[in-house]
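Good morning, colleagues. Please bring up the sequence and the structure, and I shall take you through both chains in turn.

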Amino acid sequence: MNDMPMVRFENVSKRYGPLTVLDNLNLDIGRGEKVSIIGPSGSGKTTVLRMLMTLEAINDGVLWVDGEPMTHMMQNGKLVPATIKHIRRIRAKIGMVFQSFNLFPHMTAMGNCIEAPITVLGMKRSEAEERAAELLDMVGLSAKKDHYPSQLSGGQQQRVAIARALAMRPKIMLFDEVTSALDPELVGEVLQVIRKIGREHDLTMLMVTHQMGFAKEFSDRVCFFYQGKICEQGAPAEIFGNPKNERTRQFLNAVLEAG
Amino acid sequence: MWIRMLTAMLAATLLLIALLSANPEYRLFMPGLLEGAVLTVEITLLGAVLAVFMALIAALAKLYGPLPIRWLSTTYIEIFRGTSALVQLFWLYFVLPQFGIFLDAFLVAVLALGLNIGAYGAEVVRGAIVSVARGQWEASIALNMSKAQMLRRIILPQAFTAMIPPWGNLFIELVKSTSLVSLITLADLTFKAQQMNQSTLKTVPVFTLVLLIYLAISLTVTIAMRLLEQRTSRGLTRGRVA
Ligand SMILES: Nc1ncnc2c1ncn2[C@@H]1O[C@H](COP(=O)(O)OP(=O)(O)O)[C@@H](O)[C@H]1O
Ligand SMILES: [Mg+2]
């Protein structure tokens, strides 16, 4: 089982009506691997993460997580569509951070971080609070634990969201353009936190990003998406230094020009 | 700010009732009217509890129930919104006995009004749940909550705040529609007023007092709802630290 990748997209397709958003995607992500997804707007990057988080159903193919099928389950040697119980068991291994934070506005930073550990994992409150305090400290927000999201800056909210996801002890973390909604001066503090958890935790990380500098320095592999397909992938030095594909070159040039 | 103004209005109304009662012309009617007012308030409170309960069940059933349950809930909502509260009262009180079901008038009053307001409330609850940002559901899924956990811990608490103002309107509606119960023999505020008016022909004092008492009840409801709104919106708007 351990030679299976942490995540496997096997012939996965996603359609909205007549629109094919992802076309027969095959993608493996290794244990502990940090993979960045880049590509133009509308190329299906968000959809990749949302399918993995089970926020979108897939139309074709199988999604594997940690050696087990997630969208399906084995029954008499055949893969059949998974029950919600099965999905929840597998989904427990995945956490996600959103572009728009999505903190729970009626709970404090601490409340956000202990909610799911208590209700979902059945942790004791004191235990959950202890763990949440550590995580809030790790993201540099010990002093803000009793603040509501509306009292925090965007960068602070996003760091709480990261702590909240980590509180569930996922093996895989998904980041969807987590700095895109932030004022430029707040981007750094969030990237700093992501760097830190990349170093300190044995996490598999999959991130959609427009921060090319960060993708280059942080990831083990970069995937360039174009019109619902992986157009080119490889080590960051390759993709950024010597892109083979014309589309990749065009995209990187456009991004570099923009800023 | 609003609460202060409303409280001032309530105080003025109560003061006016007190001042008028100093006049023997008026004082004469006060004991009877207050007796009726107590019944009005009782029916309002119990009706409100039933309405909230029914609204919650019907809204959740309509949103998340299996198809037959959704149908059942929609049927309930449409029947009780689509026919008048008076007809519902009459039906429960005068028609059901034809089928051998005899219900006490007070029970009928609470049932009919509670079910009626509950049907409107179901749409209020449903609207408030639907209006909670989609990202809240998605964050809850990403934290691996079950549907019930999401609803109970994340969605309903946020929907609750959005529901309070429309529920305030419905409760006022409820207070006013309690006057219909006078038509099924219950001695509520309106019933007492008509009775006294007929026996004494003192139309001005009787209906002036009745008007003021209804106003006092409605203002109390409005103030209570405003206070509730203030308490629960903590965190949802930029506010103080708990
Ligand atoms: N719920 C939806 N309904 C219809 N089309 C959608 C929906 N979500 C995304 N799409 C379409 O799918 C395509 C890929 O979207 P997305 O994965 O968000 O792209 P990216 O994140 O790369 O910008 C886009 O063309 C988008 O318009
Ligand atoms: Mg996107």
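Helices (H or I, at least four residues) and strands (E, at least two) are DSSP runs, numbered from the N terminus. What I present is a predicted model, in which local features need pLDDT of at least 70 and side-chain atom pairs count only at pLDDT 80 or more, while totals for chains, interfaces and linings use all residues. Residues are numbered from 1 along each chain as its sequence is written, chains are lettered from A and ligands numbered from 1 in the order in which they are written, and side-chain values use heavy atoms, with hydrogens and water left out.

I begin with chain B. How many helices and strands are there in chain B? There are ten helices and zero strands, and along the sequence the pattern reads α-α-α-α-α-α-α-α-α-α. Taken along the principal axes, the C-alpha atoms of chain B fill a box of roughly 70 × 55 × 20 Å.

For burial, I use relative accessible area: buried means under 20%, exposed over 50%, and partly exposed in between, with a 1.4 Å probe and protein chains only. On that basis, 47% of the 242 residues in chain B are buried. Chain B exposes about 12500 Å², and carbon and sulfur atoms supply 70% of that area; accessible areas come from the Shrake-Rupley method with a 1.4 Å probe, and for residues only the protein chains shown count as cover. Contact means heavy atoms within 4.5 Å. Among the contacts in chain B with a separation of 6 or more, 77% are between residues 24 or more positions apart.

Next, a helix pair in chain B. The axes of helix α3 (residues 30–64) of chain B and helix α4 (residues 67–82) of chain B come within 8 Å and cross at roughly 135°. That angle makes α3(B) oblique to α4(B). Axes here are lines fitted to C-alpha atoms, for helices over the stretch in contact, and angles run from 0 to 180 degrees between N-to-C directions. Angles under 35 degrees count as roughly parallel, over 145 as roughly antiparallel, 65 to 115 as roughly perpendicular, and the rest as oblique.

The crossing of α3(B) and α4(B) is left-handed. A crossing is left-handed if the near helix is turned anticlockwise from the far one by less than a right angle, and right-handed if clockwise. From α3(B), Met54(B), Ala58(B), Ala61(B) and Lys62(B) meet Ile69(B), Arg70(B), Ser73(B), Thr74(B), Tyr76(B) and Ile77(B) of α4(B). By class, the residues of this contact are six nonpolar, two polar and two charged. Ala, Val, Leu, Ile, Met, Phe, Trp, Tyr, Cys and Pro count as nonpolar, Asp, Glu, Lys and Arg as charged, and the others, Gly among them, as polar.

One backbone detail concludes chain B. Most residues other than glycine have a negative phi. Asn144(B), however, has a positive phi near 65°. Asn144(B) lies in the loop between α7 (134–142) and α8 (147–177) of chain B, and is buried, at 5% relative accessibility.

I turn now to chain A.

Helix α1 (residues 45–52) of chain A has seven of its eight residues buried, so it is largely enclosed by the rest of the structure. Lys45(A) and Arg50(A) are among those buried residues. Thr54(A), which follows α1(A), has a positive phi near 65°.

Two helix pairs remain. The axes of helix α5 (residues 154–166) of chain A and helix α6 (residues 184–200) of chain A come within 8 Å and cross at roughly 20°. α5(A) is therefore roughly parallel to α6(A). The crossing is right-handed, and the residues of the contact comprise seven nonpolar, four polar and two charged.

The axes of α3(A) and α4(A) come within 9 Å and cross at roughly 130°, and the two helices are therefore oblique to each other. Their crossing is right-handed, and their contact has ten nonpolar, no polar and two charged residues. In the loop between α3 (109–119) and α4 (125–138) of chain A is Lys124(A), exposed with a relative accessible area of 57%.
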